[in-house]
Amino acid sequence: MEKDNICYKTYVEILERELVPAMGCTEPIALAYCSAKARSVLGVLPDKVLVEVSGNIVKNVKSVIVPNSGGRRGIEAAAAVGILAGREDLELEVLSKVTDEDIAGLGAYMEKVEITVAPLDTPYLLDMAVTAKKDGSRARVRIAQEHTNIIEIEKDGKILFEKQAGEEEDCDAPDYSLLTIEKIYDFADTADLEDVKAVLDRQIAYNTAIAEEGLRGDYGANIGRVLMEEYGDRIENRAKAMAAAGSDARMNGCDLPVIINSGSGNQGMTASLPVIEYAKELKCSREKLYRALLLSNLVTLHQKTGIGRLSAYCGAVSAGAGAGAGIAYLEGGDLKVVAHTLVNALAITSGIVCDGAKASCAAKIAVAVDTGILGYKMYKKGQQFYGGDGLVAKGVENTIRNIGRLGKEGMKETDKEIIRIMTE
């Protein structure tokens with residue numbers, strides 16, 4: 001693909017926009033960011049806070065440990081630590097500068113401040129608003145659609161900033177509709193690596209570091225360590241274990257940052273760590289690894305474009321299929337192999353539901369990576385699923401479109417029921 005091609009420039013812009021660092025699970029971090037911003041607008045520490053959230057924010061915040069919160073979980077903890085010690089200028093790394101003194105004082109602040117959590121009536125799955133009050137003054141900040149997309153800032157009844165929440169209103173966003181498997185493969189195979197090297201080096205370093213920490217430490221259900229202890233050092237298992245271990249750590253309070261994909265650290269790790277492990281095993285060059293990561297990341301983003309940031313559809317499925325595509329590329333697979341790998345993988349695991357961010361995400365990641373690998377190995381052996389087999393349609397783009405429709409439209413009621421079950 002030529003560098004002056006509109007797709008080339010767009011793909012580089014998408015990667016720079018999407019593969020960014022975040023600390024902890026993205027939804028509680030976004031809430032901490034929103035809360036820190038509200039405190040900043042108010043100008044003082046509030047003594048009353050109203051946190052309004054959509055159902056999917058409840059789902060993805062209630063069960064994970066908030067980094068640098070002293071092991072606390074949930075909406076109140078995320079809001080409180082953001083208000084007390086968050087650096088709103090750091091966005092998704094808002095809690096990266098929290099000190100031991102801040103953590104020690106968090107419990108006393110949470111006892112003193114009145115934090116009320118309420119449902120937010122909204123058409124958006126990702127939506128939150130924090131209203132901070134003190135001595136008759138109030139400030140309100142609202143984020144919607146994207147984790148750092150502030151759409152409203154208000155102080156004492158005066159609107160300081162306001163914009164439309166819909167993603168279509170984001171004039172600065174690159175055109176994700178230009179993503180196709182054929183063009184992604186072409187880009188990954190021919191890109192000038194100097195244009196993407198910094199982004200990919202950071203992904204390799206950050207995500208490897210948290211995965212290694214997940215294997216060393218005691219986090220959640222320790223899925224990564226269980227996999228290594230029970231199934232050994234075969235590359236297929238190691239690829240699953242590293243991705244799972246990163247999630248073990250991230251879902252359970254580790255303060256190391258990750259490089260996200262589609263707004264999710266779990267998806268960022270799932271799309272990258274198996275590919276990194278396979279590249280080590282195969283003794284691939286750094287260039288080959290970069291190109292495989294370009295493929296896995298963009299394939300994951302392409303799938304998620306039709307689904308959206310949050311859904312009842314588990315995002316690890318998309319990222320695991322993306323990882324399978326990257327592994328196929330490392331082993332010399334051409335466009336046809338990559339396309340069939342994706343279709344095979346999506347035919348198997350497209351029924352995994354997202355019931356919120358928590359320790360079991362690591363196990364779902366392991367399953368998704370295993371399926372991505374199986375999808376590739378099936379095609380290597382001359383086996384595949386065909387159009388008409390369930391959600392599989394003739395042509396990889398049609399299959400991706402079907403899965404997107406399932407995740408975005410078909411699972412709306414499933415999402416509502418999951419949230420009802422989780423909050424009863």
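A cavity here is a set of points, on a 1 Å grid over the protein atoms alone, where a 1.4 Å probe fits but cannot get out. This is a predicted model, where local features need pLDDT of at least 70 and side-chain atom pairs count only at pLDDT 80 or more, while totals for chains, interfaces and linings use all residues. Residues are numbered from 1 along each chain as its sequence is written, and side-chain values use heavy atoms, with hydrogens and water left out.

The largest cavity has a volume of about 320 Å³, taken as the space filled by probe spheres set on the points, with grid points joined across faces, edges and corners. It is lined by 27 residues (each with an atom within 4 Å of a point), and N60, S264, Q267, G315 and C354 are the closest to its centre. Where does the largest cavity lie? Domain 1 (22–160) and domain 2 (174–421) both give residues to its lining, so the cavity sits between them; the domain bounds come from an automatic or database domain assignment.

Now for the second largest pocket, which holds about 360 Å³ of space. A pocket is an open set with protein on both sides within 12 Å along at least five of seven lines. Of its 18 lining residues, R17, V20, E91, L92 and T148 are the closest to the centre. Domain 1 and domain 2 both contribute to the lining of this pocket too, so the second largest pocket also lies between them.
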